[in-house]
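Here's a quick briefing to keep open beside the structure. Take a look at the two chains, then work through the points below.

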Amino acid sequence: MPFTAHDLRYQPEQSYPLLYAYLHRNAQRYLGSFKYDAFEVDTVIGHVIEQLVRLGLFAGGDHTPPTALDRLTDAQFYTFLSRCIRNKAIDRLRKRRLQVSTVAELEAFEGDEQENDPLDAASESLWGSSPFSTPEDITIHLASQQALRNILKHCIMLLKAAPQQLQAVIQEMQEMGADELLSTMLEELRIQYPPSQNPHISQHKDHAHKKLRLCLQQQSSNLTVMVALRLTLYTNQHATDTRQYTVDIQTLAQDDLSEHDVRAGLHELVTEGLLDWHGEEVVSITAPQMKHLVRFYKEE
Amino acid sequence: MNDHEQFEGKTPIGGAANPRAGDTYTSGKYAALARWLQQALGEAPSTTATPLASEGEAQLELLLGSDYHLHFYQQLPDFVMALLSNDSRATLHYAPLLYHLASCRECHQGYLELYDAMGAAVHLQKVRPVLGQGTRTLAATPQRMLGHLCQVLISQAEAVLRQARHDHTHDDDTARSLLQLAIHIGAHIGQSMIRHQALHSLVRVATLFDGPIPPREPDPAVRTYIPALAGSGGARGHKKIVRRAETGAHPANQEPAVILLQSRTLEGSIYQVGQTLELHLHDLDEQLRGHYVTISVPLGSLLEPVRWLGGNPRAIRSSVPVDSSGQLVTPLGQTELQLTNPEDHNLLEVIFMLLEVRPA
């Protein structure tokens with residue numbers, strides 16, 4: 001093999017010509033009648049090279065952490081590169097085909113074997129069989145998975161600090177018919193249903209959406225919700241005081257969170273007033289706190 | 001199914017750890033919430049989308065701007081691999097990324113491309129690499145592709161610095177190594193116009209190491225010199241300057257040992273005397289005559305082939321004052337690089353992409 005993913009990461013200057021040669025060969029293979037169009041070939045190659053740089057693989061050295069791409073076998077990595085080239089070539093061919101107007105031009109397209117005519121082999125959408133192939137697929141998944149929905153609830157509840165924005169979101173959810181989540185939150189917030197309509201609500205909506213996006217995309221939000229739910233799952237009633245629940249941090253960590261992560265999540269819950277904890281190894285929760293956590297995070 | 005199982009994802013709601021397009025989620029009691037969520041997560045269309053470049057265009061467009069979401073984009077391979085491995089905790093573990101993908105067109109497109117390509121790699125049936133028979137050296141690699149790589153590396157360095165600033169972290173080493181690589185690759189571009197275009201953002205990005213700088217009025221006392229490009233030769237004295245030969249077309253031993261500089265109508269040059277790089281400036285302003293000047297080479301600290309006079313390339317004090325005719329000849333530093341060597345010449349020319357002269 002002339003180069004590996006490891007070479008691209010640690011010896012980019014030496015391996016770039018080899019990478020270029022490999023991608024060039026594949027680009028020509030998949031570009032059919034445009035295989036001698038230097039601009040098209042370079043556009044396809046440039047796309048893949050940019051991806052490799054952006055992903056931190058090409059020239060990443062020890063500065064960017066290795067990913068699943070670094071763990072592919074050499075053969076798998078070559079296939080990965082080849083497939084990237086193929087997909088971009090199809091993309092370019094489709095764009096160029098839009099400019100083709102006559103049957104004669106269509107027939108002029110070369111394709112002596114199927115892999116040299118990738119448009120014929122490609123499905124209507126390149127990504128049709130992928131999970132989450134559209135933003136709609138993603139939002140349906142986010143809305144229907146309880147753990148993911150809990151993060152949404154958590155972030156909406158943080159809007160309490162800005163009542164106008166919270167009201168804007170509630171009003172919007174009402175209008176869209178997202179009643180189930182709404183009723184849970186209204187119960188928690190002890191807000192009358194429906195809340196009073198604010199005619200100037202739209203100006204608060206954009207701010208609320210921005211805050212929500214930020215909160216939902218933060219790892220700390222995810223940690224907080226994960227730890228909150230684990231508190232409801234793994235705590236035991238105190239041996240002598242049945243109004244107290246306890247759990248140690250090791251138990252909360254399980255096998256996929258570090259103790260550091262758990263502590264970070266606990267700190268967030270303390271900040272939000274859901275917990276009294278001062279860094280002890282054993283977390284104690286009162287019955288009202290537990291009731292609150294269960295009601296909010298352990299539905300269904 | 002209890003709550004624990006639901007949360008831990010052993011049997012996800014809907015019965016799929018790895019939902020496919022068009023499965024049963026698209027209808028049901030969460031559809032309204034999903035519609036609202038899509039509305040709430042939707043961001044204004046990005047202005048960084050790359051237009052389809054026209055045929056025959058010399059430069060390749062970058063796919064992403066330096067404001068792309070580096071933090072999320074670099075998580076994509078591991079997320080995709082978790083999905084391909086049917087890891088039931090994938091979406092929970094990568095929840096922030098998933099929320100991001102719902103609102104970011106560029107990252108979602110990157111996800112789709114990676115999913116398909118990594119899927120093909122993981123489900124590889126037989127090994128049949130099509131190995132290239134083409135170029136094996138940077139010198140033989142098309143100049144346009146070297147230029148494109150330089151642009152990507154510089155843009156990536158900028159993205160890294162922006163992300164570090166956003167996260168209040170320090171990632172100068174990553175950005176520095178990317179810029180250094182861009183300079184080294186750029187030195188292999190023989191055509192000065194392509195090299196200049198490829199590296200034109202270098203100075204701007206390199207100054208980001210200093211942190212945010214408030215916009216400032218141009219200082220009239222500062223003279224800014226940049227390398228003179230091919231075809232832009234002007235008159236010095238009464239002789240027309242002939243730009244040095246392009247490295248791809250002429251033998252290395254014909255490389256003139258000089259870097260030509262220009263600042264509006266003024267010209268300057270950098271010669272090499274032994275290992276010493278010497279700056280020659282002409283027709284400097286009346287106010288500078290009889291005074292020492294401070295010379296700044298902003299890119300001088302990115303690479304270390306030059307031992308700068310005084311140690312700081314941003315504050316090199318001239319060894320003599322400007323003479324009465326406005327001429328200055330002063331050493332800048334020492335180097336083992338040779339201006340007569342095409343690659344060394346290009347490397348030094350990149351370092352001198354910007355040279356500022358101000359009163360000391």
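What follows is a short tour by topic, from confidence through to single residues.

This is a predicted model, and it scores ipTM 0.85 and pTM 0.82. Chain A has 300 residues and chain B has 360. The two chains meet through 89 residues of chain A and 90 residues of chain B.

- Chain B averages a pLDDT of 80, and 75% of its residues score at least 70.
- Going element by element in chain B, α4(B) has the highest mean pLDDT, at 97, while α1(B) has the lowest, at 35.
- Residues 1-18 of chain B have a pLDDT below 50, and in the model this stretch makes 35 contacts beyond near neighbours in sequence.
- Residues 46-57 of chain B also fall below 50, with 16 contacts beyond near neighbours in sequence.

**What each chain is made of**

- Chain A has 15 helices and three strands, and 44% of its residues count as buried.
- Chain B has 12 helices and 11 strands, with 41% of its residues counted as buried.
- Take the contacts in chain A between residues at least 6 apart in sequence: 65% of them join residues at least 24 apart.
- For chain B, the figure on that basis is 68%.

**Where the chains meet**

- By class, the side of chain B that touches chain A has 54 nonpolar, 23 polar and 13 charged residues.

**The nonpolar core**

- The largest nonpolar core has 174 residues, and the members that touch the most others are L153(B), L179(B) and A182(B).
- α8(B) gives the most to this core, with 11 residues.
- Setting aside neighbours within four places in sequence, L153(B) is in contact with V53(A) and A59(A) from chain A, and with L178(B), L181(B) and A182(B) from chain B.
- As a general background point, nonpolar side chains tend to be buried together in soluble globular proteins.

**The sheets**

- Chain B has an open sheet of nine strands with antiparallel pairing, in the order β8-β10-β6-β5-β4-β1-β11-β7-β9.
- The edge strands of that sheet are β8 (306-308) and β9 (316-317) of chain B, each pairing on one side only.
- Inside the chain B sheet, β4 (residues 258-263) and β5 (residues 266-273) of chain B run antiparallel and are joined by six bridges.
- To find this pairing on screen, pick out S263(B), whose bridge partner in β5(B) is L266(B).
- Chain A has an open sheet of three strands, ordered β1-β2-β3, again with antiparallel pairing.
- Its edge strands are β1 (236-237) and β3 (282-286) of chain A, and each pairs on one side only.
- β1(A) pairs with β2 (residues 244-248) of chain A over two bridges in the antiparallel sense, and N236(A) stands opposite T246(A) in β2(A).

**A helix to look at: α11 of chain A**

- How does the span of α11 (residues 202-216) of chain A fit its 15 residues? At 1.5 Å a residue the helix should span 21 Å, and its end C-alpha atoms are 21 Å apart, so the two agree.
- The buried residues in α11(A) are H204(A), A208(A), H209(A), L212(A), R213(A), C215(A) and L216(A).
- An α-helix has 3.6 residues a turn, so residues three or four places apart point the same way.

- R96(A) is found in helix α4 (residues 74-97) of chain A.
- R96(A) and H6(A) are 90 residues apart along the chain, and their C-alpha atoms are separated by 35 Å.

Terms used: Residues numbered from 1 in each chain as written. Chains lettered and ligands numbered in written order. Contact = placed C-beta atoms within 7 Å. Nonpolar A, V, L, I, M, F, W, Y, C, P; charged D, E, K, R; others polar. Helix = DSSP H or I, 4+ residues; strand = E, 2+ residues; numbered from the N terminus. Expected span 1.5 Å × (residues − 1). Buried ≥ 20, exposed ≤ 12 C-beta atoms within 10 Å, placed from the backbone. pLDDT = per-residue confidence, 0-100. Core = buried A, V, L, I, M, F, W, Y, C linked by C-beta atoms within 7 Å. Pairing = 2+ DSSP bridges.
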